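The exercises below ask you to work through the pockets and the chain interface of a model, each with a solution in steps. Please keep the structure open while you read.

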Amino acid sequence: MRTLHFVSIFFLGIGYLNPAMAATADDLLKDYAVSAMHEEAGFSGFSSESGKKLYMLEQIGKNGERVSCSTCHTNDPRHQGMTRANKIIEPLAPAVNSDRFTDREKVEKWFRRNCNDVLRRECTAREKGDFITFLRSIKK
Amino acid sequence: MKKAFQLTLAVLVLLAVLGAGWLKAVAEGDDDDDDDHHSSYGRESFEGKIHFRGLSAAPQNAKYTKECAACHMAYPPGLLPSQSWTKIMGGLKNHFGEDASLDPKASDEIKGYLLKNSADANDTGRLSRRINDSIGNSDAPIRITETNYFKRKHHELDPSVFKRKSIGSPSNCVACHSGAEKGSFNEHSVRIPKW
């Protein structure tokens, strides 16, 4: 029994240390909130409204064209999107795609890449939290 | 009545023989009207087994499929020479206008896979050799569509064909070559979508 106890603690430890391990959207939001508090003194929680604004925000991309999250993910996050190279992107809204925001490494990779492409800089922790909060607010 | 039955049977046998002959002709590619008559780039036999006569059957790599084929089809490594893959993997931060950066571990594994199976690798297939021969030794094209070999093979197509909605661009091989990700570019299995 005691051995089992140690084994489970060991695996919990690995889960905590390994960023590729499964996470829930709640875990991610908690971590982004901690980072956001470090980034700005007046942080008081995430906003679905701000997340929606960020999702729809049009910018001038690297090649001079207008880009936004919705360019590839469509105006409705419940719909499938398409990459510029014609690959289907599964919906971003967890209500229709439960795989979303369950893999910390994947979430961080795509924020890094896509924020660089659309905003031409990395996103702040608050922006990431707002974005996920908006997507989670979408009902089926 | 019996005569009618025999006649029907005879017609059926005749049709079966003719049909088999036609299928065989299609399989052997003897109606190939392209510039090199004896090549067909990977073909599927009727047993459903793929013969890679033109492109060596590169093993699949899970990391490559996961990371690269999230955005575009998994191009077989044998379609470009090693100097091209080195250049592509060195520029992922701006990969055809997009940030496709990877963590160093994934990047190393994928680069290793691409170089090991590139068009100028030792045990490469005929299609790879032809692509490689159409590229100057000091050139490192980062688009397969830039190679003279690709251009020669697609010269008869009007550029508007590639712009059709279900195709998008010449880089979307699978739109017409359904076996492209497995290295099969057999001319006889090409199906060009109408829209």
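**Exercise 1.** Describe the largest pocket by its volume and its lining.

*Step 1.* The largest pocket has a volume of about 1200 Å³, where a pocket is an open set of points on a 1 Å grid over the protein atoms alone at which a 1.4 Å probe fits, with protein on both sides within 12 Å along at least five of seven lines, and lining residues have an atom within 4 Å of a point. The volume is the space filled by probe spheres set on the points, which are joined across faces, edges and corners.

*Step 2.* Its lining comprises 45 residues, and A:Arg100, A:Lys106, A:Lys109, A:Trp110 and A:Asn114 are the closest to the centre.

*Step 3.* Among the elements that give two or more residues to this lining are helix H5 (104-118) of chain A and helix H4 (104-116) of chain B, helices being DSSP runs (H or I) of at least four residues, numbered from the N terminus. H5(A) gives the most, with 12 residues.

*Step 4.* By class, the lining holds 21 nonpolar, seven polar and 17 charged residues, with Ala, Val, Leu, Ile, Met, Phe, Trp, Tyr, Cys and Pro counted as nonpolar, Asp, Glu, Lys and Arg as charged, and the others, Gly among them, as polar.

The model is predicted, so that local features need pLDDT of at least 70 and side-chain atom pairs pLDDT 80 or more, while totals for chains, interfaces and linings use all residues. Residues are numbered from 1 along each chain as its sequence is written, chains are lettered from A and ligands numbered from 1 in the order written, and side-chain values use heavy atoms, without hydrogens and water.

**Exercise 2.** Find which residues are the closest to the centre of the second largest pocket.

*Step 1.* The second largest pocket holds about 830 Å³ of space.

*Step 2.* Of its 37 lining residues, A:Ala85, B:His72, B:Tyr75, B:His95 and B:Phe96 are the closest to the centre, and the largest share of the lining, four residues, comes from H5(A).

**Exercise 3.** Characterise the interface of chain B and chain A.

*Step 1.* The area buried between the chains is about 1300 Å², of which carbon and sulfur atoms give 37%; this is the accessible area (1.4 Å probe) lost on putting the two parts together, summed over both. B:Cys71, B:Glu98 and B:Asp99 supply 35% of the area that chain B buries against chain A.

*Step 2.* Two salt bridges are counted between the chains, each a side-chain nitrogen of Lys or Arg within 4 Å of a carboxyl oxygen of Asp or Glu. B:Glu98 and A:Arg84 form a salt bridge at 3.1 Å, N to O.
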